[in-house]
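Here is a short report on a structure with its sequence. Look at the picture first, then read on.

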Amino acid sequence: MTQQKMKRDPGANTSAQDTVAVQLLRKHRNDVPVSGWRLLAKRLGPVGLISLGIIALVVLMAILAPVIAPYDPYEGSVTARHEAWSLAHLMGTDQSGRDILSRIIWGARTSLIGPTIVILVTAFLATTLALTAVWFGGRVDALISRMLDILFAFPNMLLAILAVAIFGPSLLTASIALAIGFTPYSARVIRSVALRERNLPYVASAQLQGISGFVITVRHILPNVRTQILTGMTINFGYAMIELAALSFLGLGVQPPTPDWGLMVSNGQASLQQGYWEQSIFAGLAIVITVAAFGYVGEQLGGRRASGRTR
Amino acid sequence: MTYVLKRLGALAAVLVVSSFIVFSGMYLAPGSPEQFLVQGRTVSPEVLASIRAQYGLDDPFLIRYWNWLMDVLQGDLGRSLLTQQDVSALVASRLPTTLFLAAFAAILITVLGVGLGVLAATRSGAFEKLVVFGSNLGFAVPTFFAALVLMFVFGSNLGWFPVSGSGEGFADRLWHLTLPAIALAFPGIAVVARITRTAVREEQGSEHVIMAIARGVPKQFVLWRHTIRNSMLPVTTVLGTNIAGLLASAFVIEYAFTLDGIGSLLVNSVQKKDFAVVQAIALIMVLAFGLINLIVDLLYAVIDPRVRLSKGAAAR
C-alpha cells in the first residue's frame, strides 16, 4: 500500500534515503506529546469518535429528557396497550400502554446515574488505597494488598446481591456495593503505576526538601496516574451498567415504576413471549449500544487490550 | 507442591474472613431476626424469648459466629428461616443444575472463544472482520438480554428449545440447558475470541516464528507448535477469570429461564430475606470462585515451563 503511494508521489523519500534524524523522527513521531483534542481524536480513531458521539447523545438524552420525551413515561392508557411502532409511538407502547420511546429517554437518567456513582466511588476508593499503599510501602502496603486480595475473592455480582440482601433493594446500595467490588481491580492497576513513579529520583528529592508526603502524592504522583484512573473509569462504566441492569432485571436494583433500561428488559419478558418484542428489544439495544460505546472509548484511551473481567 | 499448599492456605484464610464478613453482614441487617420469624404477627414476649433461645440469638455475637462456623465446617449450613428445610440438602438438590450449566457454558467459551479467535487470526478477510466486530459488540450484550432474545427466537418463535425448566436425565438436561448456556457464555466467548486473536497475531510476528518459517518448518507445525501454544498464556488468564465469573453470573440466567439452580435460589432468598440460605450460597460461591482461580494459576505451570521454574520464588 505504501509502495503504491510512493510511486505516485515522486518527491517522497523512501526510508532508505532518509537521514538518521528523519528516521528517528519517523520512529518516534507517536511519542511527541500532542495535547488536547487532536490527540484525543487521533487516539480514538473514527469508530472511537462515533462512540464518543453516541455517549454524548445518551448523556444529552438524559439531561433533556423532560424536553424531548414525547409522552409522560409514567402515564399509560388501557386502550393503547402493546401498540406496535408507529408515527404516534415511534417504539410502540408497553403492557400498560406507556410510550416506550419516552421511557427509554427517561430511563437514560437512572441507567447513567448508577454507573456514574459506581465509577466515582471506585475511582476514589481505588486511588486512595493505592496511593496510600505506595507512599507508605512496607506494612501498610502489605495490609492493603491483603484487604484487596480478600475482596478479589468475592465475585462483584455476589457482593452487590449481599448488600441488597442486607440493606434492601435500591440503586444506591447496589451501586456502592458494586463499586467496592470493582475497587481491587482498579487499585491494582493504579498501584503498579504509582509504584514506578514513587521510585523516581524527583520524589526522593522532593522528600529531601521537606515537602510532606501528602503534598507529593497529591501534587506529583496523582497527576502521573491520571491516565490509568480515567481509563479505568471509562471501562468500568460499561461493566457497571451491565451489572446494574442485571440487578434491576432480578428485581434487586431500580424498583418499578421508575423507567430503567434493565428493568424494561425484564418487564418486557412476558410481552416478548406473546410476540410483543418492542420493549425488551429496544431497551436491551440501548444498553448494548451505550456499553459498547463506553467500552470502545475506554479501550482506545488505554491503548491496550481489554482485560478479561469477572462479572 | 509448597506453592499449592501455600495457595490452599491463603484460600482457607480468605474463606474464614469472608465467612466472617458474610455472617456479620447478616447480623447488621436492619430488623431483628425474631421479628422476621414471627412475620409481623403479634406474639407474647414468652414466645419471642423461646424463639430467641431456639436460634441462640441471645448469645454474644462472636459466640454465635463461632457456633455457626463450626456447624458449617461439619457440613451443617443451618435451616432455612422460611421453610425450615435443611439448607445443606436444599443447596445440594439445586447444585447439579448450576454446575451443569456453568460447565456447559465453560466448554462453549473454551471451544468457541479460542476456536473463533484462532480462526480469525489465521485467515484474514471477511471472516476476521466479522469476528472482530462481533467480539467488540458481544461483550456489551448483557447475559439476560441475550437470554431473552434467544428465548424469543429459538424458544417461542421456532420452538426448537424449551424456554424454562432444567430437564431430567443427561440428554434432556442438555437440551433444556442449551439456550441458557449459550446466553451465559456469550460475553465470555466475545472476550476470549478477541484476546486469542490478538495473542496469536502477536505471536505470529515474533522472531522465533519468522525464523521457523524461514527455515522451512511446515506451516501447520509452526502454527500449532510455535504460535498457538505460545499464545495460550494470556488466553488462559482470561479464560480462567471468565469461567470463574460464570458461577456468579449464572444466577441471572437461571432467573431468566426459571431454572432450579442455586443462583435462582439465591435471588429468591434475597427477595424473601431468607438469610440462612443467602449466607450458605455466598460461602459456596466464594469457595468455588477461589478454587477455580487456584486451578487456573496451577494450569499456568502446566502450560508454561518458565512459570513452573520461577514459581518457587514468585509464590506469595
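Which residues in helix 8 of chain A meet which residues in helix 11 of chain A? From helix 8 of chain A come A:Ala174, A:Ser175, A:Leu178, A:Phe182, A:Ser186, A:Val189, A:Ile190 and A:Val193. From helix 11 of chain A come A:Gln228, A:Ile229, A:Gly232, A:Asn236, A:Ala240, A:Glu243, A:Leu244 and A:Leu247. Two residues are in contact if their C-beta atoms, placed from the backbone, lie within 7 Å.

## Ground rules

This is a predicted model, where local features need pLDDT of at least 70, side-chain atom pairs count only at pLDDT 80 or more, and totals for chains, interfaces and linings use all residues. Residues are numbered from 1 along each chain as its sequence is written, while chains are lettered from A and ligands numbered from 1 in the order in which they are written.

## The helix pair in chain A

The residues of this contact between helix 8 and helix 11 of chain A divide into ten nonpolar, five polar and one charged. Nonpolar means Ala, Val, Leu, Ile, Met, Phe, Trp, Tyr, Cys and Pro; charged means Asp, Glu, Lys and Arg; the others, Gly among them, are polar.

Two packed helices are described by the angle between their axes and the distance between the axes. Helix 8 (residues 171-198) and helix 11 (residues 226-249) of chain A pack at about 155°, with axes 10 Å apart. Axes are lines fitted to C-alpha atoms, for helices over the stretch in contact, and angles run from 0 to 180 degrees between N-to-C directions. Helix 8 and helix 11 of chain A are therefore roughly antiparallel (under 35 degrees is roughly parallel, over 145 roughly antiparallel, 65 to 115 roughly perpendicular, the rest oblique). The crossing is right-handed (the near helix is turned clockwise from the far one by less than a right angle; anticlockwise is left-handed).

## Two helical chains

Chain A has 13 helices and zero strands. Chain B also comes to 13 helices and zero strands. Both kinds of element are DSSP runs, numbered from the N terminus: helices are H or I, at least four residues, and strands are E, at least two.

Of the 311 residues in chain A, 42% are buried. For chain B, the figure is 39% of 316 residues. Buried means that 20 or more other C-beta atoms, placed from the backbone, lie within 10 Å of a residue's own; 12 or fewer is exposed, and in between is partly exposed.

## A buried loop residue

A:Tyr276 sits in the loop between helix 12 (261-273) and helix 13 (278-302) of chain A. Is A:Tyr276 buried or exposed? A:Tyr276 is buried, because 20 other C-beta atoms lie within 10 Å.

## Where the chains touch

The contact takes 38 residues from chain A and 42 from chain B. On the chain B side, helix 10 gives the most, with ten residues. That side has 30 nonpolar, twelve polar and no charged residues.

## Confidence

Chain A averages a pLDDT of 79, and 81% of the residues score at least 70. pLDDT is the predictor's confidence in each residue, from 0 to 100. Over residues 1-13 of chain A the pLDDT is below 50.
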